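Take a look at the model below.

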Amino acid sequence: MKPDMEDLHAIRRLKNGDIGGLECLIARHQGKALRTAFLITHDEPTAEDVVQDTFVRFYQRVRNFDDTRPFEPYFMRSVVNVALNTIEREKRNGHSLEDEDISGVEALLEQAASVEEQVEFNTLKWQISEALAKLHPRQRAVIVQRYYLEMSEQEMSAALDSPPGTVKWLLNAARTRLRSLLGSERTAE
Amino acid sequence: MNRKSYSQILDHVARDQMAANPDLAPRILARIQKGKSTTMQPRMKVFAVVFLLLLVLVTGLVSVPSVRAAIERWIGYVPGIGLISEGQIRLLAEPVSVTRDGITLTVEEVWAASDRTLIQVSVEGWPWRKLVSDSPKNGCLDSASLRLPDRELTHTQPQSALGWATGYELKSLYPAIPSTVDEVTFVMPCLILAKPGEAPENWELSLRLVPAAPEAVFPVIEISTPVVATPTLLPPAQTNTSLVTDGASLALDRAVQMDDGYLIYATIHYENSGLGSIDIPLDPATFHLLDASGQEVAYELDWEATNEIQATFVPDQTAFAIKTAPIQIPGPLTLVLDSLFASLATDASFTFDPGPDPQPGEDWDLGLDLDVGNGHTLRVARVSYDLTDGVQAYLRFDMESETGVMYATLFDKAHPLTGMAGGGGGGSFSIGPFTSDLYYNEPLPKGPLTVTVTSISAQFPGHWEAAWTPPQTQTLSTLSTTIRNGLGDN
């Protein structure tokens with residue numbers, strides 16, 4: 001993938017001492033970055049902190065950034081990692097992955113993908129949000145990377161610094177978990 | 001309704017759950033500003049576009065007559081002020097500050113040349129950003145002035161600006177201070193956006209100017225290399241873009257020998273082409289600097305120098321400056337450009353019908369192939385309708401092109417628009433799918449809409465190069481002539 005020329009332009013401005021380049025990058029990417037962070041943290045102020053941290057870190061290291069590579073995938077991977085680190089640092093989640101009864105949002109996403117009615121779509125969106133909230137943050141990160149940021153399993157492996165087998169396991173776990181959550185909610189209805 | 005991607009669904013989920021769509025820029029810039037003394041380079045001075053636009057647009061274009069247009073020869077380059085034509089440069093002896101009611105005004109730097117004066121000031125302790133949304137009409141936007149013994153220099157032009165949560169920094173251009181005057185008073189009537197009585201007013205600071213050390217001025221070498229424009233290569237496929245790029249050429253204008261490389265000024269001329277504008281070349285894949293052995297020389301665009309020369313708009317020219325790495329191999333340096341990113345006016349249109357009752361979230365597959373002229377085609381694949389914030393409706397057109405169009409500007413001549421935007425996909429200036437938006441006030445106009453493609457941006461392949469031999473490899477006689485020419489002695 002080639003770098004986006006507007007991003008490249010902004011990064012070169014920034015490397016050259018023009019802080020306006022950073023403002024351009026913020027304007028272009030903060031929306032998606034915030035949504036990415038929110039899907040993982042499920043907390044709006046935390047998501048804002050995560051995105052701020054990620055931009056500040058990028059600013060501090062911009063001179064080492066290889067600007068022949070596309071910015072957005074790199075930056076969104078950073079957002080995911082900062083979000084995970086933030087959550088782990090704050091110890092908002094006490095349980096371990098092994099304790100999770102894992103399952104899948106995938107089924108909900110699949111339903112939502114082809115639903116025709118707006119009302120049903122809205123219901124599914126709510127269910128997806130609820131189901132995501134019940135996942136471990138690391139599992140949410142996997143869902144976000146695979147289905148929101150549309151990263152390949154290989155890219156996810158590199159981004160999460162986990163072997164491909166772990167990524168596959170995490171994905172399967174997330175799918176199973178979400179499927180089971182969906183099943184129980186449907187049963188309850 | 002068409003099938004949605006998982007990514008789109010998760011995007012909706014996040015948007016639904018998030019209460020606000022905050023602008024994080026002020027907070028991020030404030031954090032950076034706090035750590036500026038330890039993390040920022042001295043030349044990390046700035047170009048906060050929003051702030052600058054605010055100043056320029058709201059105050060109107062108070063302007064000093066352009067200095068660049070009137071000057072044809074430069075004798076030196078001073079980091080901070082740029083190219084200078086003659087005379088002695090003077091600098092502020094030392095930064096000067098005053099603090100009142102917890103607000104500190106500092107004149108950080110002054111560069112006084114024979115034709116202009118640049119002053120950099122900062123204000124800390126004034127939360128101006130909070131006031132921006134609070135109707136800036138009522139707040140102060142008066143410019144600061146320089147009081148001389150016999151008069152006041154009042155015309156200023158913001159050159160660059162940086163704002164953070166609790167302050168701002170401005171670099172402004174003033175007329176020249178006479179060489180006989182070494183002491184001036186900086187007079188600032190009020191803080192930006194402050195209402196009367198809200199903050200201390202009538203700030204005054206005494207400034208003392210001292211001559212700059214000779215090594216602060218780097219020599220300029222005017223390059224007499226004629227414009228070199230090799231014949232344009234035919235672009236891929238069936239396009240006939242050579243018709244419009246034939247008239248474009250590349251020239252090297254001047255170079256500045258810095259301590260660690262050269263600052264090279266170049267211009268793309270397109271007076272005789274059919275192009276609407278040409279971007280500054282930024283793509284390292286198509287823009288190369290080669291040394292005498294044909295090896296790539298590292299370079300980066302110098303935005304400070306580029307901004308300075310672009311301050312004066314010259315039609316049909318794109319001027320820019322690059323800073324090179326140290327040159328290791330004696331011999332000519334060659335700037336090679338293998339394509340131009342340019343815009344071209346078009347007048348193609350298409351019609352689509354959103355139906356009698358379009359709903360936000362709805363989209364339509366169009367699959368329209370459009371001939372936009374000059375051999376270029378566009379495929380309008382899909383249109384989606386949504387709301388931004390419940391007030392504006394927008395139509396997003398997903399487009400792609402097999403002839404290298406990277407972006408298209410759309411317009412609806414029949415209905416009032418509240419805005420236009422674009423991007424997405426691979427980005428508006430890279431090859432790949434892209435989007436272009438039309439914004440309307442709610443509700444979306446009913447019935448068939450005719451959309452006009454008013455311009456396209458595309459990569460126009462070709463080959464342009466210009467060469468120059470740095471002086472260390474020239475003969476002594478050539479070198480002395482070059483330097484004399486650069487100093488304007490002949």
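## A strand with two partners

In what sense do E6(B) and strand E10 (residues 167-174) of chain B pair, and over how many bridges? They pair in the antiparallel sense, over eight bridges. Two strands pair if DSSP finds at least two bridges between them. Within this pairing, B:Ser122 stands opposite B:Glu169 in E10(B). Helices (H or I, at least four residues) and strands (E, at least two) are DSSP runs, numbered from the N terminus.

Strand E5 (residues 103-112) of chain B also runs antiparallel to E6(B), and eight bridges join them. B:Leu105 has B:Val123 in E6(B) as its bridge partner. A hairpin of four residues connects E5(B) to E6(B). Strand E6 (residues 117-124) of chain B has six of its eight residues buried, so it is largely enclosed by the rest of the structure. A residue is buried if 20 or more other C-beta atoms lie within 10 Å of its own, exposed if 12 or fewer, and partly exposed in between; C-beta atoms are placed from the backbone.

## About the model

This is a predicted model: local features need pLDDT of at least 70, side-chain atom pairs count only at pLDDT 80 or more, and totals for chains, interfaces and linings use all residues. Residues are numbered from 1 along each chain as its sequence is written, while chains are lettered from A and ligands numbered from 1 in the order in which they are written.

## Chain A

Chain A has nine helices and zero strands. Of its 189 residues, 50% count as buried. Take the contacts in chain A with a separation of 6 or more: residues 24 or more positions apart account for 69% of them. Two residues are in contact if their C-beta atoms, placed from the backbone, lie within 7 Å.

## Where two helices cross

Helix H6 (residues 118-133) of chain A packs against helix H1 (residues 6-17) of chain B at an angle of about 80 degrees, with axes 9 Å apart. H6(A) is therefore roughly perpendicular to H1(B), a term for angles of 65 to 115 degrees. Axes are lines fitted to C-alpha atoms, for helices over the stretch in contact, and angles run from 0 to 180 degrees between N-to-C directions.

From H6(A), A:Lys125, A:Ile128 and A:Ser129 take part. They meet B:Ile9, B:His12, B:Val13, B:Asp16 and B:Gln17 in H1(B).

## The nonpolar core

The largest nonpolar core has 150 residues. Such a core is a set of buried Ala, Val, Leu, Ile, Met, Phe, Trp, Tyr and Cys residues joined through C-beta atoms within 7 Å. Helix H2 (residues 20-41) of chain A gives the most to this core, with ten residues.

How values were computed:
Angles under 35 degrees count as roughly parallel, over 145 as roughly antiparallel, 65 to 115 as roughly perpendicular and the rest as oblique.
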